[in-house]
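Here's a quick briefing to keep beside you while you look at the model.

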Amino acid sequence: MRRVLTTLMILLVVLVAGLSALVLLVNPNDFRAYMVRQVEARSGYELKLDGPLRWHVWPQLSILSGRMSLTAPGAAQPLVTADNMRLDVALIPLLSHQLQVEQVMLKGAVIQLTPQTEAVRQANAPVAPRENTLPDVPSDTGWSFDIGNLKVADSVLVFQHEDDEQITVRNINLRMEQDANHQATME
């Protein structure tokens, strides 16, 4: 019994020392520019993070940020603003200084679907045809996104068509998960 207890204590000390070393040696602010570039490269949206990024180690290793905003290309206002953003990250890739985000959580977000937050197409940009003349492939049905898990808690949705009244939906709690086939499920 004493050997088992000693082994567990050694493992606990090693785990605490390893997480402490990781938090002290890897600065989450080193990933700020990388995250902004990746969001813009993959979606065209501009990610803005206010304040320093910091670690959160229990119960999931995470990077916490303060206020954040996500703006569509050419839009006058951000599409999404949030008081807090949490990125749950994988531990093993961090040891080689790589960021692998497992879940994005936004708390206190304001999602605005208004004419001011819509992307503005550049005048010289090519125009896609209105109708899809290609046959539907079973793998093309459904909706997909580029984040494994997205959670939005205690948030507000503002919706407005052009020249209409705004409709506000409060207390939005949303969870979206993407499977291996890049199919999203929403709760």
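Predicted model: local features only at pLDDT ≥ 70, side-chain atom pairs only at ≥ 80, totals over all residues.

Residues are numbered from 1 along each chain as its sequence is written, and side-chain values use heavy atoms, with hydrogens and water left out.

**Pocket**
- The second largest pocket has a volume of about 190 Å³ (the space filled by probe spheres set on grid points joined across faces, edges and corners).
- Its lining includes Leu 12, Val 16, Trp 58 and Gln 60; a pocket here is an open set of points on a 1 Å grid over the protein atoms alone where a 1.4 Å probe fits, with protein on both sides within 12 Å along at least five of seven lines, and lining residues have an atom within 4 Å of a point.

**Surface patch**
- Leu 5, Met 9, Leu 12 and Val 16 make up a nonpolar surface patch with about 380 Å² of accessible area together (Shrake-Rupley method, 1.4 Å probe; patch residues have over 30% relative accessible area and no salt bridge, with nonpolar side chains joined within 5 Å).
- Val 16 sits in helix H1, residues 2–25 (helices are DSSP runs of H or I with at least four residues, strands runs of E with at least two).
- Val 16 is partly exposed at 46% relative accessible area; buried means under 20%, exposed over 50%, and partly exposed in between, with a 1.4 Å probe and protein chains only.

**Salt bridges**
- The structure holds 4 salt bridges, each a side-chain nitrogen of Lys or Arg within 4 Å of a carboxyl oxygen of Asp or Glu.
- Asp 83 pairs with Arg 67, with the closest N and O atoms 2.7 Å apart. Asp 83 is in strand S5 and Arg 67 in the loop between strands S3 and S4, so the pair ties together parts 16 residues apart in sequence.
- Arg 86 bridges to Asp 88 at 2.9 Å; Arg 86 is partly exposed at 25%, while Asp 88 is buried at 7%.
- Asp 154 and Lys 107 meet at 2.8 Å, N to O. Asp 154 lies in strand S7 and Lys 107 in strand S6, so this bridge links parts 47 residues apart in sequence.

**Overall**
- The protein has 3 helices and 9 strands, and 28% of its 187 residues count as buried.

Conventions. Patch = residues over 30% accessible without salt bridge, like charges linked within 9 Å, V, L, I, M, F, W, Y side chains within 5 Å.
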